[in-house]
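Thanks for coming. I will take a few minutes to walk through one structure, starting with a sheet and ending with some rings.

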Amino acid sequence: MTLKNNRYTITAALPYANGPLHIGHIAGAYLPADIFVRYLRLKKKDVAFMCGSDEHGAAITIRAKKEGISPKEIIDKYHELNKGTFEKFGINFDMYHRTSEPIHHELSQEFFMNLYEKGEFVERESEQYYDEEFNQFLADRYITGTCPKCGNEGAYGDQCEKCGSSLSPTDLINPKSTLSGKTPVLRTTKHWFLPLDKYQAWLEKWLVEGKKGKWKSNVYGQCSSWLKAGLQPRAMTRDLDWGVDVPLKEAEGKKLYVWLDAPIGYISATKQWAKDNNKNWEDYWKKHQNPEDDSTLIHFIGKDNIVFHCIIFPAILHAHGEYILPENVPANEFLNLEGDKLSTSRNWAVWLHEYLEDFPGKEDVLRYALASTLPETKDSEFTWKDFQQRNNSELVAIFGNFVNRAVVLTHKYYDGKVPAAGELQPYDEEIVEQLTGYPQLIEDKIAQYRFREALAHMMDFARLGNKYLADTEPWKLQKENPERVKTIMNIALQIVANLSIVAEPFLPFTTEKLRKMLQIDRLEWEQAGSIHLLEAGHQLNKPELLFEKIEDSTVEEQIQKLEDAKKENAKDKAIKVSPMKPEITFDDFMKVDIRIGTVVSAEKVKKSNKLLKLRVDTGLDERTILSGIAKHYSAEEMVGKQVSVLVNLAPRPMMGEVSEGMVLMVEDSEGQLKLLSPSDRVNPGSSVS
């Protein structure tokens, strides 16, 4: 596969500056992006590799409120931590910027005004959730509830991260404010909407027709489903106290929607980088008179950002009219950890900054382990045992063993000088033929964003060298046929030199050590496949071990750390007690009417994984009650059960039905809901007092 042109604009998703990075983040967007960029640089392409902190997300203000500090204190802390962590891990951004910088606010406001003056926005009053305890409107991420499409109870007001569905806050079942934990109310407010439905036909032509067979199946499939469901207008402003100001007098106090300003962060980062390096930022983002001069834009993201980068941001760029569109969006799925989903709240994660402290000098071991199991088209899993096995059985036993043998024998036989090759034997020619073919195999897979396969070919290249030395056994031939050994060692060293090129996208720290041992400068990708990279007589430096074996005790310590986190979470869950609600009078309590009812019939509510529709004989009447217990009780086992019912609760519309009461439940230490039922059977309608 040939690369399209000479200039590339590569972006990696802007991480929220509200916490540290874990391996799921790295496997999702940043390692694949870095591999691709390092490959492009070896191909001598003109690359702008952009990232930075997303400092206006609701997650930041939520954390700031929880910790009782300002959003700026949060973003300053985690921006510096994450920036330093990326650098230590070898993620080689040209610019790691901040969306709190003035240059970003100005550009975001310019974008808004460009679309506003063109009449692209629709001004609309709508009902939005409001937290009465905190006296503020709630942005999408300040609201959680049950996804109406997959039943995920932790869906956000703009998206369900489990099924990828785009949502509106009012779509959620049982919405809760993340600030107070209470059910919000609806109040009227005014916002500026981008009519995505207006761009439906254009998006279908550009994306559905234009990207079929070119984009990864998981990305294309999610986008196609979203378009098939039909696009709806989406508000580009929010009622918030943190973010980019909406540049309109009548919008005082409102901020730009984070998914309008965040992707613009890629552009503002490029502007800052270009300013710092005497470049023209427009070369990397604006359309040229000749389309062949346009930069190739590629977004590396995780699964949860697909719709924003493939639908909303392209629609904004298209509406603006001056900017290039993404050539590809090779999004990855999710990485799991030791049989469970990564969870920052449960501390079920391998934090990258902690790994770098626990495993000094082993950056490439984690890069290799993650690259080996990237969730490219489906979820994958990281385990510490697999990490250990890949290090010991592949990096140490194959790659490291081969390089060490080749360099050590060269010093032993020739004082570290590369011997001249003599006449090649048939087996040598076979090895050379394979040697010349591997760079193209690796390149083809990288260019197709199939990094796991590219990595496997790279290791096969090292395996070829290891096998060549094992098969020819130069240490046995040295006395009887020293000329033959010179040829063998020359070929082996040429393979080592080739590895210093093709392994660099994956193992940058290792290839730097290789070049130091070989005493060579960085080579270019086009030189890979040559058997003349090292001239006869070239002096090598002393050998050093590239990798070290990782002992069982080391990984067991890491596994124990996770187990400790799991126990701590279980402990917290077991002892966690909700705070007492506001005091009431006896007269208040006497208004509550709880009766024992008998479930007459039960069935699942369509399009909900949580709700059961119960018909309950309350002794007073027979009524319909919707209860969120479908994950704890089947419809069949509910029939005939006696339950405690709050009978004088006002009827409430839910999922196209009307619920006429509430079945009372209690949550046990494992998070399971249990019915509050009488120990002995009683008559329906019996009062609970």
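Two strands count as paired here if DSSP finds at least two bridges between them. Please keep in mind that this is a predicted model.

With that rule, 3 strands form an open sheet, in the order β16-β15-β17, and the pairing is mixed. The edges are taken by β16 and β17, residues 380-382, and each has a single partner strand, so one side of each has no neighbour in the sheet. Strand β15, residues 335-337, is joined to β16 by 2 bridges, and these two strands run antiparallel.

Now move on from β16. Where does Thr344 sit? Thr344 is in the loop between β16, residues 340-341, and α10, residues 352-358. The UniProt annotation "binding site" covers Thr344, and the entry is unreviewed; such annotations may be inferred rather than shown by experiment. Setting aside neighbours within four places in sequence, Thr344 is in contact with His22 and Trp351.

Take Met458 as an example: not counting residues up to four places away in sequence, Met458 touches Tyr368, Phe399, Ile442, Leu499, Val502, Ala503, Phe506 and Leu507.

Last, the aromatic rings. A pair of rings is described by the distance of the centres and the angle of the planes. The count comes to 32 aromatic pairs. In one of them, Trp206 and Trp215 have ring centres 5.9 Å apart and planes at 90°, so this pair is edge-to-face. Are these two residues buried or exposed? Trp206 counts as buried, at 14% relative accessibility, and Trp215 is buried too, with a relative accessible area of 5%. The cut-off for buried is under 20%.

Elsewhere, ring pairs link Phe36, Tyr39, Phe300, Tyr449, Phe451 and Trp525 into a cluster.

Two charged residues also sit over rings. Arg238 lies over the face of Tyr257, 4.0 Å from the ring centre. Lys286 lies over the face of Tyr323, at 5.3 Å from the ring centre.

That is the end of the tour.

Key: Residues numbered from 1 in each chain as written. Predicted model: local features only at pLDDT ≥ 70, side-chain atom pairs only at ≥ 80, totals over all residues. Heavy atoms only, no water. Helix = DSSP H or I, 4+ residues; strand = E, 2+ residues; numbered from the N terminus. Contact = heavy atoms within 4.5 Å. Phe/Tyr/Trp six-rings, centres within 6.5 Å; stacked < 30°, edge-to-face > 60°. Buried < 20%, exposed > 50% of the residue type's maximum accessible area, 1.4 Å probe, protein only. Lys NZ or Arg CZ within 6 Å of the ring centre and 35° of its normal.
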